[in-house]
Amino acid sequence: MPRNNRPRGSRRPDDDDEPMDIARLRDGIAKTVIKNGIEFTVQTTSGRKAEDGKRWTCPNCGIVFGPGISHVVVWETDLGPQNRRHFHNHCWKTFQGRLH
Ligand SMILES: [Zn+2]
């Protein structure tokens, strides 16, 4: 009698991603935007809930900004929110490249 009676199937070891701080990301309104055939998730944020001292570099203009600046949080939908970047609102509108 075969001992190996595990059900067949291709379980992917990476299925169980560690939980992200989705609750905080849901502070704003998320929507999906396609740029150059790439699907992005765009999350509006006031930045007010961010920790003091937090700083982000806008990938479009390279300027560092902190909480209190109205901006959007963006990630490639396929890559997930752990790859999110923070854009000035106007920079996101003109951004056409990739996030890395
Ligand atoms: Zn910018």
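Among contacts between residues at least 6 apart in sequence, what percentage join residues at least 24 apart? In this protein it comes to 47%, with a contact meaning heavy atoms within 4.5 Å. A few notes on the rest follow.

1. Ground rules. This is a predicted model, in which local features need pLDDT of at least 70 and side-chain atom pairs count only at pLDDT 80 or more, while totals for chains, interfaces and linings use all residues. Residues are numbered from 1 along each chain as its sequence is written, and side-chain values use heavy atoms, with hydrogens and water left out.

2. Confidence. The average pLDDT (the predictor's confidence in each residue, from 0 to 100) is 79 for the protein, and 64% of the residues score at least 70. Confidence is highest in S4, at 95, and lowest in helix H1 (residues 22–25), where the mean is 51. Residues 14–19 have a pLDDT below 50, and that stretch makes zero contacts in the model beyond near neighbours in sequence.

3. Overall layout. You get two helices and six strands here; these are DSSP runs numbered from the N terminus, with helices being H or I of at least four residues and strands E of at least two. Along the sequence the pattern reads α-β-β-β-β-β-β-α. Of the 100 residues, 30% count as buried, where buried means under 20% relative accessible area, exposed means over 50%, and partly exposed is in between (1.4 Å probe, protein chains only).

4. The zinc site. Cys58 (SG), Cys61 (SG), His88 (ND1) and Cys91 (SG) are the protein donors, at 2.0 to 2.3 Å from the zinc ion. Donors here are N, O and S atoms within 2.8 Å of the metal (3.2 Å for Na, K and Ca); water is not among the atoms, so sites may look incomplete. The angles among the four donor atoms run from 106 to 117°, and the site is tetrahedral; for four donors that label needs all angles between 85 and 135 degrees. The sequence spacing of the donor residues is C-x2-C-x26-H-x2-C. Cys58 sits in the loop between strand S3 (56–57) and strand S4 (64–65) and His88 in strand S6 (residues 85–88), so this pair ties together parts that are 30 residues apart in sequence.

5. His88 up close. His88 counts as buried because its relative accessibility is 10%, and Cys58 is buried too. Leaving aside neighbours within four places in sequence, His88 is in contact with Cys58, Cys61, Ile63, Phe65, Ile69 and His71.

6. The aromatics. The structure holds five aromatic pairs, pairing being called when ring centres of Phe, Tyr and Trp (its six-membered ring) lie within 6.5 Å, with planes under 30 degrees apart stacked, over 60 edge-to-face and the rest tilted. Phe87 and Trp92 are edge-to-face because their planes are at 70°, with ring centres 5.2 Å apart. Trp92 also pairs with Phe95, this time stacked, at 5.9 Å centre to centre and 25° between the planes. Phe40, Phe87, Trp92 and Phe95 form one aromatic cluster. Trp92 is buried at 7% relative accessible area, and Phe95 is buried at 6%.

7. Lys35 and Gln96. Lys35 lies over the face of Trp92, 4.6 Å from the ring centre; the criterion is NZ of Lys or CZ of Arg within 6 Å of the ring centre and within 35 degrees of the ring normal. Gln96, in the segment after helix H2 (89–94), is partly exposed at 43% relative accessibility. Not counting residues up to four places away in sequence, Gln96 touches Lys35 and Asn36. The C-alpha atoms of Gln96 and Lys35 are separated by 6.4 Å, although the two are 61 residues apart along the chain.

Conventions: Four donors count as tetrahedral if all angles lie between 85 and 135 degrees; four count as square planar and six as octahedral if opposite donors are over 155 degrees apart and all others between 65 and 115; anything else is irregular.
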